[in-house]
2 protein chains.
Amino acid sequence: MLNRQDQSLDAGQDTTAVTQGRDATAAPEQSGAIVISVDAMGGDHGPSVVVDGVARASKKSPELRFLLNGPEAELKSLVDARGLGKVVTIRHASDVVRMEDKPSQVMRNGKDSSMWASVDAVREKSAQVAVSCGNTGALMALSMLRLRKLPGVNRPAIASFWPSQNSAGWCVMLDMGADIKADAPDLLTYALMGSSYCRNALNIERPRVGLLNVGTEEHKGRAELKEAYGLCRDAQERGDFEFVGFVEGSDLSSNKADVIVTDGFTGNIALKTGEGTAKLAGRLLKEALTSSVLSKLGAMLAMKSLKRLSEKIDPRRANGGVFLGLNGTVVKSHGSADALGVAAAIDLAARLAASGFAERLAARVASDMPIGQDAAQGDAANSNNE
Amino acid sequence: MLNRQDQSLDAGQDTTAVTQGRDATAAPEQSGAIVISVDAMGGDHGPSVVVDGVARASKKSPELRFLLNGPEAELKSLVDARGLGKVVTIRHASDVVRMEDKPSQVMRNGKDSSMWASVDAVREKSAQVAVSCGNTGALMALSMLRLRKLPGVNRPAIASFWPSQNSAGWCVMLDMGADIKADAPDLLTYALMGSSYCRNALNIERPRVGLLNVGTEEHKGRAELKEAYGLCRDAQERGDFEFVGFVEGSDLSSNKADVIVTDGFTGNIALKTGEGTAKLAGRLLKEALTSSVLSKLGAMLAMKSLKRLSEKIDPRRANGGVFLGLNGTVVKSHGSADALGVAAAIDLAARLAASGFAERLAARVASDMPIGQDAAQGDAANSNNE
């Protein structure tokens, strides 16, 4: 182990193992356990909140192991203070990607960053999934650089959960902002990847896929949407999804579709508009319930129900946008995530790792490639859960 | 008066005047009063709800006069039953534009429709503003056909109110779906038209204008947005607005901008996403407040505050998308509007008519045209409220 800054690291099992770059491999990732590579830096609230999130996830799922990427000395004291030495291996990275860094800069100069190290752990198969709260653009750029796109994928996408009235209570929406545009074949790829993610993350066997548009009639919308309509309609059988046609913004929270497909510009605007609206509604409700003595009393009586509601729709519980279309899975946590949010992102990462999602997704996308399509279709028919 | 179907129409002042096409002009529109041309048909709930809305608006503003467009016999009984004979003139139109009609069909075959007649009343200056609950695409197509675009406007836009934390409680957002795309000069025109509308409808003297994008950094987003950024920045002085740069979906309900500029595809998705999210929040809150005896009791105590909240954010009160960029003003009411919603749309129309908005907007757009720009700028400087 090189460059150790903290001389106390020689200690035994109860303190944290520290690895450096590719040379080092600690016990966890050799044991067959699920290992999550966590970027300790880059979130709005600094590494202590991220390590709190790791602690929370570890308490819920003690079998998980973690590679924690970031400045060794600082992380070691945080990890030891929480008694996480047995489940966490620290991977030293001296540099931090900031929210204002441009993706191109990070790709050129980010080799020593915790984000780079986090993604590289997946590339080296030291961990199954990476989790980061950092700069989305930089994380996507690094993930594409280090993990490379899956064969057959032109534009990778970010998929998120959206509150829904379907059986799972959530639908999958993509692209939430990996790219600012998407042509018709990209939208078809999103439909395939989104369906596969929906099956694995939400257990919906044959997801209903809708294309987001400004109206539900077949003649509406941009040219690429009309073309994608035909492509998705024809891919239903081999993609193992049901195509429900065009859906509108008002259908996102309805029970019309389990997967909503759109380009990254529109998806990002919709996501943030929905978040903003929900926040405004919450603020106004709070104002109303504290505006008079009677309403305060009323709110106290209804407290339990209101708290249950607030927990149900807590966006932290659905924290985690997943990068789809790469050789490996990366989960992007909200930059402002607190410990509960980080833990939710880690939990999602662990579920995806456990289901072998990366391999299933790769098989699904490969099955839709023009060459060898017949054979792959046969495989897909035998595997209902990829 | 031709083609009268109802022989009782010869009666005196207390029954409704009926006009037919261009030949007829009844008293109201010659008196200098504000006359609103109302499409009685095409809403989801039929003409009786529209006439209820007229009655409500008339009660609030007895000085208003109305041209009611639709099938004479049916409308006459509705108008007489509500004692509106003195303020309403019926303009016979036998045909109705349905929600599923394509705009191109309506442009070819819609001459006898109530929607066509409603718009033509503005063209002929029998009324200052037209209001319709009908098919948005058809209404925009007819409005463009009959009123024509203002000189200097390439793409007209639909502007709506959006709940905001600014001083007015609402901001203006456009385009909400008149066109599915907009290039950089269109976005600049939207900024100018939206500012003018914001000044006249919301009394914000120097509105803050933001361009909707996926991030606030100058290098983000599509090419036309980056170009529009420069155009808007340079137009602040002559457009009499403050350019605040890029805003995100989460900023719509904040206090960052009074006018949000975007293309009609994105605007439509954002509008419907926001509506859908608000509806979901309301439904979940209702469920929570009826889920137990205690919460029901609490809701009863807080009833007054909750009702005030519900009234405050009632989307019916902000009903009315305004078509900007035409020779005349058209207000599009929500198709599902009830009497309260229709009355709100009429109220908006009346306020715009009273402020001479159509002329102010035309002057503002003309002032930004390349030719004669200097002279027009001088004019604009003298008129702080167009």
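Visitor: Why does B:L211 count as buried?

Guide: B:L211 has a relative accessibility of 0%, and since buried means under 20% relative accessible area, with exposed over 50% and partly exposed in between (1.4 Å probe, protein chains only), B:L211 counts as buried. This is a predicted model, in which local features need pLDDT of at least 70 and side-chain atom pairs count only at pLDDT 80 or more, while totals for chains, interfaces and linings use all residues. Residues are numbered from 1 along each chain as its sequence is written, chains are lettered from A and ligands numbered from 1 in the order in which they are written, and side-chain values use heavy atoms, with hydrogens and water left out.

Visitor: What is B:L211 in contact with, leaving aside its neighbours within four places in sequence?

Guide: With contact taken as heavy atoms within 4.5 Å, the partners of B:L211 beyond those neighbours include B:L187, B:L225, B:F243 and B:V261. B:L211 itself belongs to strand 8 (residues 208-212) of chain B, where strands (E, at least two residues) and helices (H or I, at least four) are DSSP runs numbered from the N terminus.

Visitor: What makes A:R199 buried, and which backbone oxygen does its side chain reach?

Guide: A:R199, found in helix 6 (residues 184-202) of chain A, has 0% relative accessibility and therefore counts as buried. Its side chain reaches the backbone oxygen of A:D240 at 2.9 Å; a polar contact is a pair of N or O atoms within 3.5 Å, where within protein one must be able to donate a hydrogen and the other to accept it, and residues adjacent in sequence count only if both atoms are side-chain atoms.

Visitor: How do you know that B:R222 and A:D263 meet in a salt bridge?

Guide: The N to O distance between the side chains of B:R222 and A:D263 is 3.5 Å, and a salt bridge is a side-chain nitrogen of Lys or Arg within 4 Å of a carboxyl oxygen of Asp or Glu, so the pair meets in a salt bridge. Between chain B and chain A the count is four salt bridges, and the rule also finds eight residue pairs in polar contact across this interface, both residues being at pLDDT 80 or more. Strand 6 (157-163), helix 8 (264-289), helix 9 (293-301) and helix 10 (303-312) of chain B each give two or more residues to the side that touches chain A, and helix 8 gives the most, with 20 residues.

Visitor: What is the area buried between chain B and chain A?

Guide: Buried area is the accessible area (1.4 Å probe) that two parts lose on being put together, summed over both, and between chain B and chain A it is about 4300 Å², with carbon and sulfur atoms giving 71%. In chain B, the residues that lose the most area to chain A are B:R222, B:F265 and B:L301, together 15% of what that side buries.
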